[in-house]
Amino acid sequence: MSEIDLEGLENFLNERIKGQEFAMKAMASAAIRAELGLSKKGRPKSVFLLLGPTGTGKTESTLNLGRFLFGSEQVVARFDMGEYGHEDSLKRLIGENKQDAGLLGEAIDVHPQGGILLLDEIEKAHPKIAKVFLGATDAARTTSADGITRSLENWYLVFTSNLGSANAAEMDGVPYTMLERSVMQAATLYFAPETMARFTNKVVFRPLSFDTQRQIAQALAKKEIQHFQSIAKQHLGCDIQITYSDSCITFLIRKGYTKQMGARPMRDAIEKLMGDPFAKWLLQTRKSPPPNHPITLHFEAPEAAAELVLTAS
């Protein structure tokens, strides 16, 4: 792989993760140090603890870190710790016998040059399972039931947690340092001091402001429109223009964002709320002769509307 322009990492992350400038700066700084070889020998390249409310970009920032450093998000081996809350699930993770590497061993073997282990919501894991991952933060290795010890020296370990997120979700608009202090206090009360010390980079994500919600909704809407245009080309054989009003974006935010889930439901909401009227229009248009004039579609959300309105001209 060609040499990476590490100086561009922070901008890369900020372009894709909206409203988290403090968090993106911290993640980029830590990754740059690691890529320049400043990590201690016998340790993972870097160990992150990402904190803050759900749906604010913790997982997405990790995927984008993988895209930048390794060229693909496929290098991110993601484990949902909510699926490992029972002690018996340890066998699934590290294997049951000499022929079984377990899911963790398999994930490491797929990327022998290194990658990112993403442990989502670590507080939900059974203590024995959390211990497997936390132990790797010091020794940079893990041993599966097959007896093979695998090195994690070329890996990033990213733990995410929603600890303190309930209070954080209500702290929109407060100074970042105040938010950071509140969330870190919640994490410190939960994790033992020696555990907190293992997380060399503790990064707090803030709740999404309305402006940030709008940026996310606009980006997702534009992506959906590009998809619609390719579908129209396929079915109708013509190019179409698609626009939307400000009220449309406000409607999508109202339907796709909550304080409890952040922007996580927004993608699905936009796919449905924009997709349904477009699908109806496409079905009707396919029954008619091919249009011989440019087509412009416009999404609008009338006041108190339950759904978007799509008009053609």
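The model is predicted, so local features need pLDDT of at least 70 and side-chain atom pairs pLDDT 80 or more, while totals for chains, interfaces and linings use all residues. Residues are numbered from 1 along each chain as its sequence is written, and side-chain values use heavy atoms, with hydrogens and water left out.

Begin with the largest pocket. A pocket is an open set of points on a 1 Å grid over the protein atoms alone, with protein on both sides within 12 Å along at least five of seven lines; lining residues have an atom within 4 Å of a point. Volume is the space filled by probe spheres set on the points, which are joined across faces, edges and corners. The largest pocket has a volume of about 920 Å³. It has 31 lining residues, and I17, G57, E60, A263 and R267 are the closest to its centre. Two or more lining residues come from each of α1, α3 (58-70), β2 (76-80), α10 (210-236) and α12 (266-286). Helices (H or I, at least four residues) and strands (E, at least two) are DSSP runs, numbered from the N terminus. The largest share, six residues, comes from α3. By class, the lining has 14 charged, nine polar and eight nonpolar residues.

Now take the second largest pocket. Its volume is about 220 Å³. Of its 13 lining residues, S39, K40, K45, S46 and T200 lie nearest the centre. Both α2 and β1 (46-51) supply at least two residues. α2 gives the most, with three. The lining divides into five nonpolar, four polar and four charged residues.

α2 (residues 21-35) also packs against α1 (residues 9-16), at an angle of about 145 degrees and with axes 9 Å apart. Axes are lines fitted to C-alpha atoms over the stretch in contact, and angles run from 0 to 180 degrees between N-to-C directions. On the α1 side, the contact (heavy atoms within 4.5 Å) uses L9, E10, L13 and N14. On the α2 side, it uses E21, M24, K25, M27, A28, A31 and I32. Seven of these contact residues are nonpolar, one is polar and three are charged.

Finally, look inside. The structure holds one cavity of 30 Å³ or more, a cavity being a set of points where a 1.4 Å probe fits but cannot get out. P53, T54, T56, A169, P207, Y257, K259 and G262 line the largest cavity.

Technical notes: Ala, Val, Leu, Ile, Met, Phe, Trp, Tyr, Cys and Pro count as nonpolar, Asp, Glu, Lys and Arg as charged, and the others, Gly among them, as polar.
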